[in-house]
Each structure stands twice: as C-alpha cells, then as structure tokens.
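Thanks for coming. Today I will go through the aromatic ring pairs in one protein, and then a few overall figures. Please have the sequence and the model open.

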Amino acid sequence: MRHVGLACGPRLPICTLQSQLININSIGTLSRFPTPISLLSHAKFHSFEPNQVSPALRYPATMASHASPSLPPPATWTRLKPKFPVSPLRSARIPSISCSLHSPSIPHLPKQSQLWNPFQRVAAVALDMLETALVSFESHHPLPKTADPTVQIAGNFSPVPEQPVKHRLPVIGTIPECIQGVYVRNGANPLHEPVAGHHFFDGDGMVHAVQFKNGSASYACRFTETNRLVQERGLGRPVFPKPIGELHGHSGIARLLLFYARGLFGLVDPSHGTGVANAGLVYFNNHLLAMSEDDLPYHVHITPSGDLETVGRYNFDGQLNCTTMTAHPKVDPQSGEFFALSYDVIQKPYLKYFRFSPHGEKSPDVEIHVDGPTMMHDFAITENFVVIPDQQVVFKMAEMIHGGSPVVYDKKKVSRFGILERNAIDATGIRWVETPDCFCFHLWNAWEEPESDEVVVIGSCMTPPDSIFNECDESLKSVLSEIRLHLKTGMSTRRPIISEPEQVNLEVGMVNRNLLGRKTRFAYLALAEPWPKVSGFAKVDLSTGEVNKYIYGDQRYGGEPFFFPINPSEKEDDGYILAFVHDEKTWKSELQIVNAMDLELETTVKLPSRVPYGFHGTFISSKDLENQA
C-alpha cells in the first residue's frame, strides 16, 4: 500500500478532515468536532498593497514548479523575519519567507484576548509556547513540494487583497450583447502567512466577480467570510489546522491536539464550521453558494453594484443534518433539481446522497455503503441516475499514528462506479460496476444509451492516481476518457478520446451545462501544461477525438474555461468561453471572451488588479440577480 507523502493534493477531499477534526476525548477514543453558522466580521487584515502585486514568497526559480521566470523586481517585496527558528540545513534549502501577509510572532495576545478571562489568557500563552516548540521542531525537517509554501503560493499562485468594485473597466473589442450578469470564480487565497506546511488548496476562499451590464464591465474580489477566516482574522494569525499542508504524522496529531485544547479553553470555536469554501460555486434557488467539501456551503450575495457580501453558512434552511457537502453538486438543466453527496472520513455512514427540489425542499438522506471513507471530489448525473465513483484514494486516520498521512492510495482496492436511481429512497437498488485502474478527479458529463443498456461517463483519468496528492518520479498524465458502464453485464470499458500523438493533459472545464446529464458532443477543458499551470484550453469533439486549441500566449496562463451558452440555439457550441488570463511578464490580469465555435478572441476586459490562478466558476444572469435571496 503506497502512502501519500507529508502533504496531499488539491484543497480537495482531504479537506473533509478539516470539518471532522479529531476530537480526542480520551486515549484511544476518536470522534469529531461538531461543525456549523457563520460569524461575520469586518475586521481589518493585512495583505498585499494594491500596487504590490508581487509573489508572496522569495524562492530560487529552480525550486518551484509554480515559479514564473519573470517576476516583479525584488525591490517591491516586503522582507519578514522568520516566525520560527530555522536550522542551517533548512535555511540553505528554503529561503526566508518574503510576504506582505503579516502574521504576528508566537506567542502573542491578540486584541480578542480582552474578552478572555485570566485563566484563558494563561492557557493561550501556554498553548502558543507549545506551538512555537512544535514549529521549531518541524522547521528541522524538510517539507515536500506539496507542503512547501515557497512552492505552493509562489508567483501568481500567491494571494491578493480584497478589491472593492471598480467600474467602467477598459475593454478591447465589444462585450457580446447576450452576456448580461456576473461571472464569478472561486479560488484559494490565504489571509495569513503560513508558519509551517501549506498547500495551495489550504488557502481561504476568495470569489472574483466580473459584472457585465449594458456593454460595460466591473470587477471586485472578496474573501468568503467563513467561520474559520473570521476567527483567524480576529486572532491575527492562522490557528485552524491545514488538512493538506499540516495534518501528517505525529506533528499532525500534535496540531489537532493543540486545536482541540484551544477549543476546550474557548479560545477558538470549531462548532460553526472549519472549512475554507474555496473550490466550487453554484447558483441554486436564488442563492449563490461557495463550497469546499470540508464544510457546508456559504451563501454569498452579489450587490447591485457588483460587490460581494457573505450572508453566512448555509444549511438549506435547517434541512441539512450533515456537516459537509461536496464542492461539485449538480443542477439538472431541465428539472431544476439539485443533487449532492456528503462523505465522512471518521464514522459511518461514510457516504450519503440527497437531492433538493427546484424550490429547495430536501429529500431524505440515502446512506450508501462503502467499505471505508473514500475521497469523492466529484460525481455525475444522467436523466435517471446518479453516478458515484468509489476509487482508490482513501482515508486511513490510523496512518497518522504511524507517522504517515491519513490519505492513502490503496493499490489493492478496485475502482468502481455506483449507479443509483436519482429518486431512490434507499441504496438497495445501487449497481456497482468495476473500472480497474481508473481514477477521475473530475467527471465532465454522463448520459444513458438505452439501446446498449449503458451509462457513458466522460472524465479525465489521472495516472499515477495520487499525482495531485503526492510527489512522485512518474510525470502526471490526465487522459480524457470515455468510460462505458454496462448495466446488464456489470462490466466496463474505457478508451482515451484523444489519439496518442495528440494526447495532452486536460483538467478543469465543462460541457454545455444546458445538456448536463445528456449526450454532448463537445467539452471545453484546460490545457494543464506545464503542470500545474494552464497554458490555454481545448475544445474536444467527444465523438471523433478532434482537438482544437486556444493558447493564451507566451508566459500567459489561466484556469478553468467557462462555457457561456447562447440561448436559444440549436448548435451545442454556440456560445462563448470566459477565462481569466494572467501575463507573467507584465504581471497584469484580464478576462478574455472567446467565441466557442471558431475559438477567436472577441473581447478582452482589462482588470484593475492581479487575479491568482484558481478553481471553479459559474455565471448568474441579470434576471437571476434580481431574484437573489
């Protein structure tokens, strides 16, 4: 059994650990913290100055795969003193952090301590001293690239400050008349400078919004005010454990114990959620929801001016009785129903499925039996089924006791897909179809083919399966694949959609969402090369394997291509691609609007500040904006 290294990949599934942090009530007894409502605050915080859009960290170019060869002049950087003792060996390996995200030295008493009683103040100082010793101990041990902040938040992966609305942005070309509303995209943006291990996906959620109104555009970006962010802002430094960068081995257990002790003394409160809400965005039943699967969603409101406000942690009016929900729920484009999963890494049931009516009325939970807690970052729907992946990346909490990571690539496990009727009230009718050596982090679409009694799944199959979680010698491959699940025989077949000579790494993207769950011809996917950057996007014909590429240009990179369909239209590809693009030579960012039929650039919106590389987005029409909750 291969173990994931000291840190694991994207802010993804393992983040579920964050909302289900181990609560050690007694030796050998494990349970989880409760989780849950947002505490809102408008406290000030430290971040980059608006004209200081420099990388967060100083590093040699040979060290960081994220690094840009063209960075702003070092004179614009702010040099900070190390927050913990650094050994000569480590100093030679990792340069001191340069960042304008200030975190106070440990120990200290924040302004919030004025509300603490004397006993709490003494406890805070004592626990801070223990953390100082832990950080000092950790500093003598090398970090893998997956947990090294000098790699993970370097270049345009580094954080930016909030940006209030800027109107009348410069536009090259003409904004298509049909694009009226707001394009929003989520991403990881740490508020505080890391004091230890950090993975890019550990960062606090920040939503970037471009509003289109009558041919003009505005831009704003705001943190999603999660319970975690609000408390850390008040304390002036990070205190919640980072599930990917920090929760590994004995030091990970120590961090959980420290966090639990702070909770016992009332210095932190994990009961209202511990997630970062930095991954997905969905608009459903008049609510824009920001999500990561380590917590419940957060409701974000878009103001008439195009600004963003966090309303709070959202449990669908008290209907959710779980503490987490997947970051990739599905909304059926015809019925308007909302489908989601919730998985638990500590206790049974490890997996639940549920759905909501178009008006937000929840169905009963369907508990699905799986042998153990499994990472399920995404799933798919068809007209009649939900398609649930049960793959080889699993959670084994006991591995931390043995000095390893709780996220494990289990080679002995056989991957499979579960096919369950969408309206099922229990899991007795689920059909499992094995798909050996198949790991799809994202599924782009699925549909039924009744004539052959098959369900067809389109996804990007990654090899090695733990590539995004762990350093390995073998280079990553993300192969766009067609997986056929034969319902009668229980067998499966899998084929690469693109021919070997044209094979490229394709990750993050979508099909025309008006056809989600139905047979689609085209998919629009990010060209994840050079990994982990995105040099452009590909329009792939799923039936022929034909690939047409749109490249952003020399040292210009982006993220997820968002397909905006023109309605009504008989042509599936009649629409536009919206994508944030960053120029690493000029250190400027822009939003490009590309014709999805011929891949010609039509419009460029120049943005007032840098937009870091991020995750997933959605579009809210002007009509839907008027009906927001």
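Let me start with the rule for pairs. Rings of Phe, Tyr and Trp, the last by its six-membered ring, pair if their centres lie within 6.5 Å; planes under 30 degrees apart count as stacked, over 60 as edge-to-face and the rest as tilted. With that rule, the count is 21 aromatic pairs.

Here is one of them. The ring centres of Tyr183 and Phe580 are 5.5 Å apart and the planes stand at 35°, so this pair is tilted. Because Tyr183 is in strand β6 (residues 181-188) and Phe580 in strand β33 (residues 575-583), the pair ties together parts 397 residues apart in sequence. Strands here are DSSP runs of E with at least two residues, helices are runs of H or I with at least four, and both are numbered from the N terminus. Tyr183 and Phe580 are both buried, meaning under 20% relative accessible area, where exposed is over 50% and partly exposed lies in between, with a 1.4 Å probe and protein chains only.

Next, an edge-to-face pair: Phe338 and Phe356, with 5.7 Å from centre to centre and 70° between the planes. Phe338 belongs to strand β14 (residues 338-343) and Phe356 to strand β15 (residues 351-356), 18 residues apart. Phe338 and Phe356 are both buried. These two also belong to a cluster linked by ring pairs, together with Phe284, Tyr314, Phe316 and Phe354.

Now charges over rings. The term applies if NZ of Lys or CZ of Arg is within 6 Å of the ring centre and within 35 degrees of the ring normal. Lys330 has its charged end over the ring of Phe379, 5.8 Å from the centre. Lys539 lies over the face of Phe522, 4.5 Å from the ring centre.

A word on the source. This is a predicted model, where local features need pLDDT of at least 70, side-chain atom pairs count only at pLDDT 80 or more, and totals for chains, interfaces and linings use all residues. Residues are numbered from 1 along each chain as its sequence is written, and side-chain values use heavy atoms, with hydrogens and water left out.

How confident is the predictor? The average pLDDT, the predictor's confidence in each residue from 0 to 100, is 81, and 80% of the residues score at least 70.

Finally, the whole protein. It has 8 helices and 36 strands. Of its 629 residues, 65% count as buried.
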